[in-house]
Amino acid sequence: KQWYQRRVAITAGLSMNLPENALNMYHHALQFAETIFHPHDPQIPVLLNDLATVYEALNDYDQALETVEKAISAAKIGNPSAIPSIMCNKATILLFKGSCTSFFF
């Protein structure tokens with residue numbers, strides 16, 4: 001329940017056109033998750049994927065791609081069911097970056 005409330009707050013930051021606030025909140029949420037839970041917790045790749053979305057919203061496509069790659073790696077170990085949505089996010093980031101030809105499955 002606490003994770004849901006935190007995600008609602010972070011998403012609200014994005015929906016109110018405050019991506020910098022959402023970026024800060026996601027960094028804190030990720031740091032919290034990495035500290036409290038084990039490194040392969042299923043929530044880690046989800047948070048990384050969401051963090052990549054925030055970077056994309058800030059037009060920081062290189063950081064978004066770096067972060068989404070971390071999410072893919074983390075999902076392979078801790079949350080394989082999240083991989084399809086993370087790969088979709090990667091494709092979206094590449095689309096906005098203008099690098100669709102570099103997307104490999």
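1. Before anything else, a definition: a residue is buried if its relative accessible area is under 20%, exposed if over 50%, and partly exposed in between, using a 1.4 Å probe and protein chains only. By that rule Ala64 is buried, with a relative accessible area of 0%.

2. Some housekeeping. This is a predicted model, where local features need pLDDT of at least 70 and side-chain atom pairs count only at pLDDT 80 or more, while totals for chains, interfaces and linings use all residues. Residues are numbered from 1 along each chain as its sequence is written, and side-chain values use heavy atoms, with hydrogens and water left out.

3. On confidence: pLDDT is the predictor's confidence in each residue, from 0 to 100. The chain averages 83, and 77% of the residues score at least 70. Helix H4 (residues 61-78) has the highest mean, 96, and helix H1 (residues 2-15) the lowest, 56. Where pLDDT is low, the predicted coordinates should not be read in detail.

4. Helices here are DSSP runs (H or I, at least four residues), strands are E runs of at least two, and both are numbered from the N terminus.

5. Of the 105 residues, 40% count as buried. The chain exposes about 6,200 Å², with carbon and sulfur atoms supplying 59% of that area; areas come from the Shrake-Rupley method with a 1.4 Å probe, and for residues only the protein chains shown count as cover. Taking contacts (heavy atoms within 4.5 Å) between residues at least 6 apart in sequence, 51% join residues at least 24 apart.

6. Next, how the helices pack. Two packed helices are described by the angle between their axes and the distance between the axes. Axes are lines fitted to C-alpha atoms, for helices over the stretch in contact, and angles run from 0 to 180 degrees between N-to-C directions. Under 35 degrees counts as roughly parallel, over 145 as roughly antiparallel, 65 to 115 as roughly perpendicular, and the rest as oblique. A crossing is left-handed if the near helix is turned anticlockwise from the far one by less than a right angle, and right-handed if clockwise.

7. H2 against H3: the axes come within 10 Å and cross at roughly 160°. That makes H2 roughly antiparallel to H3, and their crossing is left-handed. On the H2 side the residues involved include Leu23, Tyr26, Leu30 and Ala33, meeting H3 residues including Leu47, Leu51 and Val54.

8. H3 against H4: here the axes come within 8 Å and cross at roughly 165°, so H3 and H4 are roughly antiparallel to each other. H3 passes H4 in a left-handed crossing. Among the residues making the contact are Leu48, Ala52 and Tyr55 of H3, with Ala64, Val68 and Ala71 of H4 among their partners.

9. H3 against H5: helix H3 (residues 43-57) and helix H5 (residues 83-97) pack at about 15°, with their axes 10 Å apart, and are therefore roughly parallel to each other. The crossing is left-handed. Pro45, Asn49, Ala52, Thr53 and Glu56 of H3 make the contact with Ser85, Ile86, Asn89, Ile93 and Phe96 of H5.

10. Back to Ala64, which sits in helix H4. Leaving aside neighbours within four places in sequence, Ala64 is in contact with Ala52, Tyr55, Glu56 and Ile93. Ala64 and Ile93 are 29 residues apart along the chain, yet their C-alpha atoms are separated by 7.1 Å. Gln63, also placed in helix H4, is partly exposed, with a relative accessible area of 24%. From Gln63 to Leu51, 12 residues away in sequence, the C-alpha to C-alpha distance is 9.6 Å.

11. Two loop residues are worth a look. His40 lies in the loop between helix H2 (19-36) and H3 and is partly exposed, with a relative accessible area of 41%. His40 touches Ile77 and Gly78, not counting residues up to four places away in sequence. The C-alpha atoms of His40 and Asn79 are separated by 8.1 Å, although these residues are 39 apart along the chain. Asn59, in the loop between H3 and H4, has a phi near 65°, a positive value in a residue other than glycine. Asn59 counts as exposed, at 53% relative accessibility.
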